[in-house]
Amino acid sequence: GAVVSQHPSWVICKSGTSVKIECRSLDFQATTMFWYRQFPKQSLMLMATSNEGSKATYEQGVEKDKFLINHASLTLSTLTVTSAHPEDSSFYICSATKELNYGYTFGSGTRLTVV
Amino acid sequence: GENVEQHPSTLSVQEGDSAVIKCTYSDSASNYFPWYKQELGKGPQLIIDIRSNVGEKKDQRIAVTLNKTAKHFSLHITETQPEDSAVYFCAAKLTGGGNKLTFGTGTQLKVEL
């Protein structure tokens with residue numbers, strides 16, 4: 001149990017365009033979903049926390065107008081990178097949790113390359 | 001907020017040997033400590049976790065110990081195999097901290113034949 005599906009696994013886009021990444025909890029309802037960014041050989045850095053039906057909470061230094069997060073249902077959260085630039089190229093990972101004392105399940109990640 | 005330090009950054013062991021990775025956390029209110037294995041190009045996979053009311057937990061070749069007084073926890077892998085080679089991350093969850101995890105900096109484990 002506790003499977004999180006993330007799509008796409010990789011995407012290449014042109015500078016200035018927007019890219020949407022989906023994160024779905026397949027066999028449980030996720031009260032909270034998280035979005036991380038990971039640069040090569042570095043740790044996971046939390047970008048934002050999203051709860052179903054409410055606005056996401058962004059970490060300090062993360063531009064909320066650039067990284068749009070929508071958590072419209074208990075099984076789906078999306079991250080849209082708007083007006084992407086080469087410096088946005090990174091590995092984006094989502095995770096989901098069922099409830100306060102439950103574990104966290106991670107998606108397989110999305111490799112974004114902006115050219 | 002929480003701060004998690006992880007050591008070593010790289011670890012090379014011979015197949016069959018044991019590997020130990022250590023983490024320290026800053027906030028005594030943290031109550032959940034998972035360990036993740038991440039292979040290249042993939043998301044982290046939970047390998048073991050421990051909660052603050054337990055001092056040790058074991059699952060086959062993998063064990064985790066927690067010292068709340070010293071605020072550190074360790075991952076122990078015995079009888080290492082080449083497929084154990086990956087990056088390992090520790091993490092800590094702060095009670096009341098918005099339910100979010102703070103990750104350590106990672107350890108690149110290489111198991112050599």
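With that, B:Glu79 sits in the loop between E8 and E9 of chain B. Its phi is near 50°, a positive value in a residue other than glycine. B:Glu79 is exposed, at a relative accessible area of 53%. The cut-offs: buried is under 20% relative accessible area, exposed is over 50%, and partly exposed lies in between, with a 1.4 Å probe and protein chains only.

Now the ground rules. This is a predicted model: local features need pLDDT of at least 70, side-chain atom pairs count only at pLDDT 80 or more, and totals for chains, interfaces and linings use all residues. Residues are numbered from 1 along each chain as its sequence is written, chains are lettered from A and ligands numbered from 1 in the order in which they are written, and side-chain values use heavy atoms, with hydrogens and water left out.

Chain A has a positive phi to show as well. A:Ser83 has phi near 45°, and it is not a glycine. A:Ser83 lies in the loop between E8 and strand E9 (90–97) of chain A. That residue is partly exposed, at 33% relative accessible area.

Next, cis peptides. In chain A, the bond from A:His7 to A:Pro8 is cis, omega near -5°. A:Pro8 is in the loop between E1 and strand E2 (10–13) of chain A. In chain B, the bond from B:His7 to B:Pro8 is cis, with omega near -5°. B:Pro8 falls in the loop between strand E1 (4–7) and strand E2 (10–14) of chain B.

Stay with B:Pro8. Its backbone oxygen lies 2.5 Å from a polar atom of the B:Thr107 side chain. B:Thr107 belongs to strand E11 (residues 107–112) of chain B. Is B:Thr107 buried or exposed? Buried, with a relative accessible area of 0%. Leaving out residues up to four places away in sequence, B:Thr107 touches several residues, among them B:His7, B:Pro8, B:Ile21 and B:Tyr88. Contact here means heavy atoms within 4.5 Å.

On to a sheet. Chain A has an open sheet of 4 strands, in the order E1-E3-E8-E7, with antiparallel pairing. Strand E1 (4–7) and strand E7 (67–73) of chain A are the edge strands, each pairing on one side only. Two strands pair if DSSP finds at least two bridges between them. Strand E3 (residues 19–25) and strand E8 (residues 76–81) of chain A pair in the antiparallel sense over 6 bridges. Within that pairing, A:Ile21 has A:Leu79 as its bridge partner in E8(A).

A:Arg24 and A:Glu22 meet at 3.5 Å, N to O. A:Arg24 is partly exposed at 35%, and A:Glu22 is partly exposed at 28%.

B:Lys57 bridges to B:Asp49, with the closest N and O atoms 2.8 Å apart. B:Lys57 is partly exposed at 37%, whereas B:Asp49 is buried at 15%.

B:Arg61 and B:Asp84 meet at 2.9 Å, N to O. That pair links distant parts of the chain, 23 residues apart. B:Arg61 counts as partly exposed at 22%, and B:Asp84 counts as buried at 7%. There is also a salt-bridge network, linking B:Lys37, B:Glu39 and B:Lys42.

Last, the interface. 17 residues of chain B are in contact with 22 residues of chain A. The two chains bury about 1500 Å² between them, 51% of it on carbon and sulfur atoms. Buried area is the accessible area (1.4 Å probe) that two parts lose on being put together, summed over both. On the chain B side, B:Asn99, B:Lys100 and B:Phe103 lose the most area to chain A, together 33% of what that side buries.

Which residues form a salt bridge here? A:Glu59 and B:Lys100, with the closest N and O atoms 2.9 Å apart. The count between chain B and chain A is 1 salt bridge.

That's my tour. Over to you.

Methods
Helix = DSSP H or I, 4+ residues; strand = E, 2+ residues; numbered from the N terminus. Polar contact = N/O pair within 3.5 Å; in protein donor to acceptor, adjacent residues only side chain to side chain. Salt bridge = Lys/Arg side-chain N within 4 Å of Asp/Glu carboxyl O.
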